[in-house]
Amino acid sequence: MNVRIIGSGVNECIIDGSSSGMIFNASIEKYSLELRNLCIQNGKSSKANTAGAIYSAGMLITYNVKFQFNSATGSNSAGAIYSIGSLNISGTAFFNNTLTAPNAEGAAIRTIHNNTTIIGSSFIN
């Protein structure tokens, strides 16, 4: 199964986790998640080995996406994206994503044994 979500632009945050939990749990390796032209904000996770916005085991593609104010407090986690699958990021901005945890490894992204490509993206704070 492949899921594609296309928004109307990064300045319209249509996906807001309201700091109540992780936003996407794409935990099946053979599936892909593609996000385009949208904003993902206020995801929050307290579990180990996860992320505030997205946990991905399959292919994750972001194009023109803004990740902002996502957070994680679990050990070995990430503020915005935790990926153990393929990760392709293009034209994506990471703004004020945080990680406050033991063994903290990535306020924006944590990757484990995968292929990662990042093109034309920014990481702020």
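Is Phe94 buried or exposed? In this predicted model, local features require pLDDT of at least 70 and side-chain atom pairs count only at pLDDT 80 or more, while totals for chains, interfaces and linings use all residues. Residues are numbered from 1 along each chain as its sequence is written, and side-chain values use heavy atoms, with hydrogens and water left out. Phe94 is buried, with a relative accessible area of 2%. Here buried denotes under 20% relative accessible area, exposed over 50%, and partly exposed the range in between (1.4 Å probe, protein chains only).

A pair of aromatic rings is described by the distance of the centres and the angle of the planes. Rings of Phe, Tyr and Trp (its six-membered ring) pair if their centres lie within 6.5 Å; planes under 30 degrees apart count as stacked, over 60 as edge-to-face and the rest as tilted. The search of the whole structure identified 4 aromatic pairs. One of them joins Phe67 and Phe94, which are stacked because their ring centres lie 5.1 Å apart with the planes at 5°. Phe67 belongs to strand 7 (residues 59-68) and Phe94 to strand 11 (residues 93-95), so that distant parts of the chain, 27 residues apart, are linked. Strands are DSSP runs (E, at least two residues), numbered from the N terminus. Phe67 is likewise buried, at 0% relative accessible area. Ring pairs join Phe67, Phe94 and Phe123 into a cluster.

Phe69 and Phe95 form an edge-to-face pair, 5.7 Å centre to centre with 80° between the planes. Phe69 lies in the loop between strand 7 and strand 8 (71-72), whereas Phe95 lies in strand 11, so the pair ties together parts 26 residues apart in sequence. Phe69 is partly exposed, at 38% relative accessible area, and Phe95 is partly exposed at 28%.

Conventions: Helix = DSSP H or I, 4+ residues; strand = E, 2+ residues; numbered from the N terminus.
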